[in-house]
Each structure stands twice: as C-alpha cells, then as structure tokens.
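I'll jot down what I look up as I go.

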Amino acid sequence: MRTNDEERHPARDRELGMDRAISRRDFLNGVAIGAAGIVASPWLAGLDAQTAARFAQDAPGYYPPALTGMRGSHDGSYDVSHALRDPKFWASAGQPAATGERYDLVVVGGGISGLAAAYFYRARVGPNARILILDNHDDFGGHAKRNEFRPGGTLWIANGGTAGISSPFPYSKEALGLMSAIGIEPTKLASAANAAADRSVFQGLQSAYFFDKETFGSDRLVVGSPGGGRGRGAAPTMSWEDFLARTPLSPQAQKDIARLETAKVDYLPGLSSPEKKDRLSRMSYKDFLLNVVKVSPDVIPFYQSRTHGLYGIGIDAVGALECWGYRYPGFEGLNLDPIANGRMSFTAKGDATPKPSYNFHFPDGNASVARLLVRALIPDALPGSTAEDSVLAKADYAKLDRTSTNVRIRLSSTAVRVKHTGAPATSDVEVVYGREKKLYAVRSKGVVLACWNMMIPFLCPDLPGKQQEALKYGVKVPLVYTSVALRNWKAFKALGINGATSPGMYHTGARLEVPTVIGGYNPTPKSADDSILVRMTRTPCKPGLPSRDQHRAGHADLLTTTFATFELKIRDQLARILSAGGFDPARDIDAITVNRWPHGYAYEYNPLWDPDWPQGQSPCEIGRKPFGRIAIANSDAAAAAYTDQAIDQAYRAVGELIAAKAT
Ligand SMILES: Cc1cc2nc3c(=O)[nH]c(=O)nc-3n(C[C@H](O)[C@H](O)[C@H](O)COP(=O)(O)OP(=O)(O)OC[C@H]3O[C@@H](n4cnc5c(N)ncnc54)[C@H](O)[C@@H]3O)c2cc1C
C-alpha cells in the first residue's frame, strides 16, 4: 500500500500526544484508503465488521454527526465508485438482486441538490409521489455535513463542509422560495443570532500570522493585522512597516510588500480600463506580482496560498483579474471601473459586482438546509417545526428508509448503473446500486442524477459520447475542513490571538470558532478555561501545474494520507503556533475531525486555463442535457460551487423530467 505518511519519531510523537486517547480516532482509516485510492478497490473483497456497522442506518444509536476521526468522504464511502472504474467490475460483481420496488422518482445523490430535487418533484407531482434518494455516504447532505463534539461535556456543532448561505449573486426566486418554505429566512436569522450572541469573551483578541521555518526560514508568530484582519473588514491594528519588521521575511521582501500594500501605482500606464482588465485576465496573480509590480520572489510565499480557500489552488494558477475582484493589493492605482468583465470566474464575477447581500451560518453550516429538507420530506426523521428548533433536534436515522413513507433516503448506497429498460422516451429506468457488498436493482419512472458529473458516464454509458466527454471535463476541487476540540483555549488568550494564518503550513490557517447562537444552542465559553473548537483548512494542490492537474494531484494526496498523518500534522502545527502561550497538544486536545473532500467544490471555469466557450457550449451546459427519463442536477451542472446553484439545477432537472412525462 502506498501512503503519504512521513517518517515517525517516537519521542516527538509522545510530546505531541500521538499516544493519547482522543474522543474517537478513526482506526479504520489508513488500511482501506490507500488500497481504495490507488490499487484495486477492496469493495469486492470482503467487508470488515467496523465498516459494515457504518451501513446499518436502522441500528439503534446510529448517529453519524457524532463520529470523529476521518469524515467527509469517509472510509467505505467511495469503495464502490472506485471499483466501478475497473473494467472487470461487472464480470465479478454478478447480477443485481431486484428489490421489487418501483418509484416515481429515484434521486442519485443525497446532497442539497438531490434533496431539493425530491422536494420540487413532490411539490409539482403531489404528496403521494414515491421517491427514493440514494447516497454513498453514511449520512445525508453531501458536502453539507454536520459534526458534533462534546469537549468538557459541552455540545459544539460544526460544519463539516458547506459553510454558509451566501453566494456571489443573489439567490434565485426558486432557491429563496425553497429556503423560505423550509423555514429559512437568512436575513432574519442572522440579525436574531447577532442580537443573541455575547462575544465579549473574545474581545481584544487579534488575528496573527505564523511564519514556518520550512517556508520562511524560522518559526515565528506575528500578532496583529496590518491593513485589517484578512477578508473580515477588521480595523488595522498596526502599520505594514511595523508588522513586516517583526517577520522573518528578507529586507527586500519587506520593502516590496509595504510598497504593494500601500502605494497607489498605475502599473499598466497608457492602457484603457477594458484593456487593462483583459491583460490582467491573461496572467496569474503571481506573474502580476513578479513581472508587473516587480516584487522580489521572496514575496511570493507570503501570498501563495491566499487563494486556496476559494479556488483550491494558489496564486500561480489564479488570474490577476480574479484577485482584483477580491481587492487583493496592487490594483488601487490602476483605476479599473468596478464592473466585472467576461473573463472572470463565476465566483469573482459576482464578488466584483456590487449586490444586496445576505449571509447566514448555521452552527452546522448548510447541513441545516439539508436537515430541514429532510424534515420537509420525512417529518418524523427530524422533530420540531422551525429552523431555530432544528439546530438542537436529533435526526432519527431509523426513520429515513421505511416502507411506510413515500419518500425514503437510503444511505451507504452507491448507484452503479442507471439505464432505461426500453426506449428512453417511454420506458422505466432501472437503477442498480451497491450496498453492503451486494448489488440491488430498483425501478423508477424517472431519475434525477444529483451526483457528481464525473460519475455519470460510468452510470450511463449509453449517453452520447460528446455529453460523456463534457461530463468528464471538470475536476472537483479537493478541500479539507478540520475541527479540533480543545479542553480550553488559554494559549490563545495568553498570546492575544483568535487564530493565525499560516501561509506555508499543512493547514493554511487555524482560528477559534465563534459560535452562532440560535435555538438554545450557545456553547460560547465564559472564559478561556472552557472548551472550544479550532477550525483549520487545507487545500492540497501542486503549484506550477494547470488548475485541473493541481486538483488531480490533490485528490491523490488526500486519498493516500492516513488519519494518523493528519493528526500528527495538526498536533505539530498547533504546538508550533501556540506553544509560547503554554499550549500542550498532548493535554489540551480532546477530539479531531478531518473532513476530507477529495471531490469538493464543483469545478468553476478558470479563465486562465479554460477556453471562452460560446453560450450553451460550455461542458456543464452540454453535460446536463436530459436523456430520456434521466435528468441531471448537482452544482457540477452549473459549474459553480454554491448551494443556490445546487438548488437551481435541481429545479431545472425536475422541470425537464416532468416535461418528459416521467411522472
Ligand atoms: C468544504 C466545502 C465548503 C463549502 N462551502 C460552501 C459555502 O459556504 N456556501 C456554499 O454555497 N457552498 C459551499 N460549498 C459548495 C457545496 O458543494 C454546495 O453548496 C452544495 O452543498 C453542493 O450540493 P450538491 O447536492 O450539488 O452536491 P454534493 O453536496 O456533492 O452532493 C452530491 C452527493 O451525491 C453523492 N454521490 C456521488 N455519486 C454517487 C453515486 N454514484 N451514488 C450515490 N450517491 C452519489 C455524493 O457523494 C454526494 O453525497 C462548499 C463545498 C465544500 C466541499
């Protein structure tokens, strides 16, 4: 088995607490992961008892949000789909067993798009519509996942993926209508949560940067935010000169960063605003800094990972015009008119265009959207009646897949074949899925594929070749959202920081969770002696390659990295950032959850690497065409990684199915 593991040092391991019991470490991981990702999948080989337990959604105590360790695309969730890539899959898998079920609609994918498709279909066809939703994970929601922790007995809830209700553009009428129908009014919820929150315990804490020795020559924490907390609109706490003087950056790099951040220079004199924008759209931000602003190469590591959170890649592969959209430094003197141009990504285009905005973050992020959709579809599965009361409501997984309800959600079930039983315009569709080492077949009048685009050619080899090619084009963006439950945060308090950006490290940042107070959920600590969550993000990529190749390298990285390696990196990173404040990773860490998303954000077209397709000719538009009684949803179908896009695509797909009379 090939893994990404590093050489281990027993003494350092002990110091970091690798031998300490944390709430629950995912012992399964590391055995199957490497094998599944790289060699033949173990799916056909045999199922160990712990993995089998994951499939038992009806078993007493089944409650995936409380699992810690490796989550997101967890062990066991992708064995079937990876096995399907093997041409010998069908020869060794045998014939599926017919369950005898016939549905009006089968939805492949239980993310927000799939749940929304079920919602829209039922709204159009009526409450008697029989719907089955299949998802390969042990929990519903797709990227919108809930994580729970109980450090020191206090319930902390976190988003394992999809974080918030916000988008570069206002939500559509359909998406807002769905939100409202399930009880979510983002503006009202946001103002109530703000009014309820008392954040005084965090007052006075500043943001910080951590410079690591591997990237910057020495380990150094620099407290304070020159130019304001990054992206948070906070007031600057020091001048750039004061900040830079404390860093291990070279004198030339310090001078260049101060110039870049503060001087208003027209670096492209003699060009009109549209000409400048066109020029900026054809160079990376890294090239802009090096060749136009002419900074020293020593400056680059300071900015390299700044684009990771949005794009999953660094400034070497993101256009300078995109970075203008985000008000990165260097553009103020260029006098660009504040209107997005056509050669910008979906995300940057929206951000560069002024709009009315709303922004709400449930404690579990948009897992609440998924949970409220489940409540609308199967009311018994989530007690209560309001968005607020849903936050503390416990989902009953045993209610998800019952013969007594018209809508059923079947977890740990990976669709492997979706095929019309006769002529596509008039016949049923047979859906074959793998679960617990067996294949099963159900029938349906229509199917919405709300799964990932790249899976669809494997599921539907009958699709036209051009459509299959289009579906394979995008490469999903790998991301990791890590949560670390701490028994206390005295070290943060002692250092006077609420987190640190660490541009060169394994996770590019760590920050204290400030909880959203809603529906009786309020874990806000009274003092630094109380428990808390630390949130960290990682975006594996390979600078220097084209964007899609960087994402492919990131997939391989994530699928060959064991939880033990993540844990070691996390303990080491927090120790190095916080040890001057008295942090002891062996003593202070209560639990760790690594939400690993090798197939994270939908691939957005990147003007630096992708062609300017004419209207209607982009891969997502070609790929999402309906095929007989099969329609295609998911945020991949919009090539835009946003909840509103996932909902809009569900609405369109359901409309297409109904037009095809698959009702
Ligand atoms: C870490 C992270 C953070 C994000 N943050 C935000 C945010 O703050 N705001 C925002 O708007 N968006 C965010 N997004 C984007 C997010 O992808 C969308 O908002 C939305 O949740 C996507 O929903 P979806 O249903 O289209 O896809 P998904 O959530 O990916 O759901 C698709 C489901 O289909 C399943 N599936 C795939 N193949 C099969 C198969 N063969 N059989 C059965 N099931 C299958 C998948 O495993 C998955 O569970 C984030 C994404 C990630 C990864």
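Before anything else, a cut-off I need: buried means under 20% relative accessible area, exposed means over 50%, and partly exposed is in between. I also keep in mind that this is a predicted model.

**Entry 1: V125.** I looked up V125 and found it in helix α6. Its relative accessible area is 37%, so V125 counts as partly exposed. Leaving aside neighbours within four places in sequence, V125 touches I658 and T663. I also checked V125 against A553: they sit 428 residues apart in sequence and 44 Å apart in space, C-alpha to C-alpha.

**Entry 2: α6 and its partner.** How do α6 and α18 cross? I get axes that come within 10 Å and cross at roughly 30 degrees, for α6 (residues 112-125) and α18 (residues 367-377). Angles under 35 degrees count as roughly parallel, so α6 is roughly parallel to α18. The crossing is left-handed. On the α6 side I noted I112, L115, A116, A118, Y119 and R122, and on the α18 side V369, A370, L373, V374, A376 and L377. Sorted by class, this contact has 11 nonpolar residues, no polar ones and one charged.

**Entry 3: the cores.** I then went to the largest nonpolar core, which has 104 residues. I184, F362 and L574 have the most contacts inside it. Helix α6 turns up again: with eight residues, it gives the most to this core. I followed up L574, whose contacts beyond four places in sequence are V484, A510, V534, M536, S579, F583 and I589. Apart from that core I found another, of 44 residues, including I257, C323, F331 and A352.

Key:
Residues are numbered from 1 along each chain as its sequence is written. This is a predicted model: local features need pLDDT of at least 70, side-chain atom pairs count only at pLDDT 80 or more; totals for chains, interfaces and linings use all residues. Side-chain values use heavy atoms; hydrogens and water are left out. Axes are lines fitted to C-alpha atoms, for helices over the stretch in contact, and angles run from 0 to 180 degrees between N-to-C directions. Helices (H or I, at least four residues) and strands (E, at least two) are DSSP runs, numbered from the N terminus. Angles under 35 degrees count as roughly parallel, over 145 as roughly antiparallel, 65 to 115 as roughly perpendicular and the rest as oblique. A crossing is left-handed if the near helix is turned anticlockwise from the far one by less than a right angle, and right-handed if clockwise. Contact means heavy atoms within 4.5 Å. Ala, Val, Leu, Ile, Met, Phe, Trp, Tyr, Cys and Pro count as nonpolar, Asp, Glu, Lys and Arg as charged, and the others, Gly among them, as polar. A nonpolar core is a set of buried Ala, Val, Leu, Ile, Met, Phe, Trp, Tyr and Cys residues joined through side-chain atoms within 4.5 Å. Buried means under 20% relative accessible area, exposed over 50%, partly exposed in between (1.4 Å probe, protein chains only).
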